[in-house]
Amino acid sequence: MFPISVHIRTHFALVSALALAYVAVLATVLSGAASAAFNPKRRYARNISFALLGSAGVAATIAGGWTLLADVTVTDELPLGLPWLKWHVRLDALSGFFYILVGLVVLATSLYGPSYVREHERAPRPVTVLHLATGVFIGGMLLVLIADDALSFMIAWELMSVSSYLLVTFQHEHAANRRAGFLYLLMAHVGALAILLAFGVLAAFGGGFTFEQMRAAELTPLWATLAFAFALAGFGTKAGIVPLHAWLPEAHPAAPSHISALMSGVMLKVAIYGFIRFVWGLIAKVYWPWGLLLLVIGATTALTGVLYAMQQNDLKRLLAYSSIENVGIIFIGLGLSLIFLGTGHTLLGTLGLVAALYHTLNHALFKGLLFLGAGAVLYRTHERDLEHMGGLIRRMPGTAALFLVGCIAISALPPFNGFVSEWLTFQTALQAPVLEGGIESAILRSLIPLAAAVLALTGALAAACFVKAYGVAFLGRARTRHVARAREVPAGMLAGMGILAGACLLLGVFPTPVIEAMAPLTQLLVHEQLPLATSQGWLWLTPISPRVASYSAPFVVLAIALVFAIGYVALKRRAKPARRGPAWDCGFGALTTRMQYTSTAFSMPIRRVFAPAWKIEEHVEIVPAPGPIPRVKTIRHRLQVHDWSWLKGYLPIGRLVLAAARRIGAIQAGSIHTYLVYSFVTLLLFLWIIS
Amino acid sequence: MDHQLTAWLLAAAQTLAFIFAAPLLAGWVKRIKCHTQNRAAPVLWQPYRDLAKLLRKDMVLAENASWLFRATPYIVFAAILIAAAAIPLVAVDLPTAAIADVIVVVGFFALARFFTALAGLDIGTAFGGMGSSREMMVAALAEPAMLMAVFTLSMTANSTNLSTAVDYVLHAGLVLRPSFLFALLALAMVAVAETGRIPVDNPATHLELTMLHEAMILEYSGRHLALIEWASQIKLMIYAVLIANLFWPWGIAREFTAEALAIGTFAIATKLALLAVILVVWETVLAKMRLFRVPQFLGFAFLLALLGMLTYVVLETGG
């Protein structure tokens, strides 16, 4: 009796989970179509569009949760594309995990969007393009996650890339956005080419384009490494690893803010998904030197990302660089996983993977939240430059509180979620001494702690960076008049941010159930679970064993609440209300808002300590006052921080390509006779080849 | 069950002891410092009097102070308190030690610093911003050094749990490990920087050019100031106890009998008194550094910690 009912229930789950995934994809496309069908500037059209997007988010979250919790894998074939090449579709635990991630952020965006895009409706641009591209963009991402053959994967991937190009260049009246869009499209296609080559290697050995055939491919170490390298280059370009990252801080901030949230929060994660699917899911056997490579790249990416983020004065650019940092942290976790898997420590390899995936989910949530917050500030003040902000905590209290949650979470501070995933990464790294044996494990044993050191430095710098961002934007006093007049954003926008902030807190306080739910995922990829991680009940997180390390976030939160309560009762209740007085001005007269520390000033000590990390151009312009006595009228300070990868990598390569094009262009003589000769010679050549 | 209850009660008592002994340690440091510098010393319990005075006083808030400014003292105190609860003071194997391991402790220090720095920026004075900016720079360099130093120990003990690490050192007996020596030096240097002592910061100064920590909390008064001062006294004690109990844990109570606990209390009191003397000598013979010499000081600490860790993974493990 019992097995039958289980069977029926599982079968029911199979059908429904995938059906829900289809519903989600369909809803995104419909959301774009709705905007095209109705007059997009009308309120109902906008609401229908975003409601469909929201339902897509809900459907995706439920489909993902269902797949992950019921631990089902369901495959299907869609009669799309070429007649003899059907699209293979598969929803398994890994796809399910990423469906939850995408679904949550899309849901938040759909609540946030209706108010936010109203501003764009007044502009001369067609809003229909925005809605259409958004729908295709999200639909493409959802399709990538369930694609089960290289063809449909690449089609979905390109849908995602091209539609996001349209979103980046949506505000195309600014030349900077057009430039960013072109760079983005270029890099997206260089990356896509590498991915195609990576699939090509596997398809050649596996004898087919489906992932099922690729899984069965038996590769020599050389070919496997080649496939891995192509995948790293391809997915890494999209994810923004250093030194391929220079397009990212240009493209992500250029899009409207809710799209930036989707690009930084979700699209980067789709790249991570592709990489995990390819290396952990398709390549049967992994080697530890790959892990070492990932570790080095991850550490470099994390440190570079945060150092550049620290120096940005544009809030959205700062967030984009910080995304690079977080991708680096994810890659450190992935690298540790590969090192331990390649040396036969499956349990630790699983822990590394779980840490990386946890951070992937966390970053999607808090980066989504922070970009939406930056959008809220932009919506009310039309300002992205930190130097012009200030004091917004009093004008926009709701946004300020939610943005603070994002800042604490991204700075990896307890009890929020960013801390949990960094803690797990540290715990994995601290197990380096289990690697025993020859000289190569001695190298690993000393390099893994170095990566942990970089991770620690990154975390501390991230905290400094977000103290700066929050302190300069939201605290202090307003530096410009329009910022001083800002108002709180509408409830829908707050609700969108609120969902993400709530998820950040929940994932921080209850990490154990989340890791428990990830068991089918690790079972699928590395055939291993973390039985001891959750052995002490939901209160305790003990990744390796209770003796080695334990953390209980619920107790910690309880303790904070207790201290607050006691403090309130003991100190606050009987005390007189505080008197308000002017701030201490050293007896020199009133303080002005220009005396506050600016964003540039705040980051100056770190700029000086890590000076070689950037190319810094600093101009001080002194205007003398007219008259016989030398006096200074004004001093203007201008600071530009250039990215080394742009100066030393992108620009020289770009020049090389242009020079090569010019050389090749020499054959374009402009005379019909020459062209006829070319055709004739080519014809002769072909005839000679086939003869 | 009974054992469990005793353990929890003991853990609570230990945390309370942490809170209420911290001003005493600060008073002791101040007193011997005055004696070494030929100044008239305040009585030992002067910090208690100061705290009581501040708690009684009315507060003045700056006109544009936001809720964040008012909440910060409580958050800072709570964060430091949780860190203190996780640290083995008199006895090991207490249940609170399992709630938070050493990474969580460092995380809570970072949380306290995060909010203090934000509060420094909240009023919008140049002082606050200056303090926050400098403090975050110092912290960005000190925190990784601290983590590396404690990671050396946790790798040796194969546990980030402080209680387990102390247990491990007790069991291993007195072995001279070069890695521990490096870690100890690094941790001591970080402790000096993180608790705002000479040569990184001067706790007694109100001179604008030399201020770090004081600049951030310049606008606080009354009970808010009391909480922040108290929290920094607890923080000083936490670092002292960390150094004392991780490197010389002998004497700490391993079972919950009255005798063992008495020995444990006496042992930690002696160790802290001695450490305070070392701190005072250090602060008396050194002068405060220029701000941009501090990165070199902390970079050296980071290097020492890293050396300690590499010494461990290369020389003391594997084959």
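Let me start with A:L341, which is buried, because 27 other C-beta atoms lie within 10 Å of its own and the cut-off for a buried residue is 20 or more. This is a predicted model, so please take what I say about individual residues as a reading of that prediction. A:L341 belongs to helix 12 of chain A, residues 315-342, and, leaving aside residues up to four places away in sequence, it touches A:V286, A:T346, A:G349 and A:V526. The C-alpha atom of A:L341 is also separated by 8.9 Å from that of A:G291, although these two residues are 50 apart along the chain.

Stepping back to the whole of chain A, buried residues make up 56% of its 691 residues, and its secondary structure comes to 26 helices and five strands. Its C-alpha atoms fill a box of roughly 95 × 85 × 65 Å along the principal axes. The radius of gyration is 27 Å, which agrees with the value near 26 Å that a compact globule of 691 residues would have. Among the contacts in chain A with a separation of 6 or more, 77% are between residues 24 or more positions apart.

Let me turn next to helix 3 of chain A. Helix 3 runs over residues 93-122, and since 30 residues at 1.5 Å a residue should span 44 Å, the 43 Å between its end C-alpha atoms agrees with that expectation. Helix 3 is mostly covered, with 24 of its 30 residues buried. Strand 2 of chain A, residues 87-91, is likewise mostly covered, with four of its five residues buried, and it runs antiparallel to strand 1, residues 74-78, to which five bridges join it. Within that pairing, A:D76 has A:V89 in strand 2 as its bridge partner.

Now to the two chains together. Where chains A and B meet, 67 residues of chain B are in contact with 66 residues of chain A. On the chain B side, the largest share, 17 residues, is contributed by helix 6 of chain B, and the residues of that side divide into 42 nonpolar, 17 polar and eight charged.

I will finish with some backbone details. A cis peptide bond, with omega about 10°, joins A:V242 and A:P243, and A:P243 is found in the loop between helix 8 and helix 9 of chain A. In chain B, a cis peptide bond joins B:I198 and B:P199, again with omega about 10°, and B:P199 lies in the loop between helix 8 and helix 9 of chain B.

Which residues other than glycine have a positive phi? One of them is A:A412, with phi near 60°, in the loop between helix 15 and helix 16 of chain A; A:A412 is buried, because 31 other C-beta atoms lie within 10 Å. Another is B:D93, with phi near 65°, in the loop between helix 3 and helix 4 of chain B; B:D93 is partly exposed, because its count of other C-beta atoms within 10 Å is 18.

Note on methods:
Residues numbered from 1 in each chain as written. Chains lettered and ligands numbered in written order. Predicted model: local features only at pLDDT ≥ 70, side-chain atom pairs only at ≥ 80, totals over all residues. Helix = DSSP H or I, 4+ residues; strand = E, 2+ residues; numbered from the N terminus. Rg over C-alpha atoms; globule rule 2.2 N^0.38 Å. Buried ≥ 20, exposed ≤ 12 C-beta atoms within 10 Å, placed from the backbone. Contact = placed C-beta atoms within 7 Å. Nonpolar A, V, L, I, M, F, W, Y, C, P; charged D, E, K, R; others polar. Expected span 1.5 Å × (residues − 1). Pairing = 2+ DSSP bridges.
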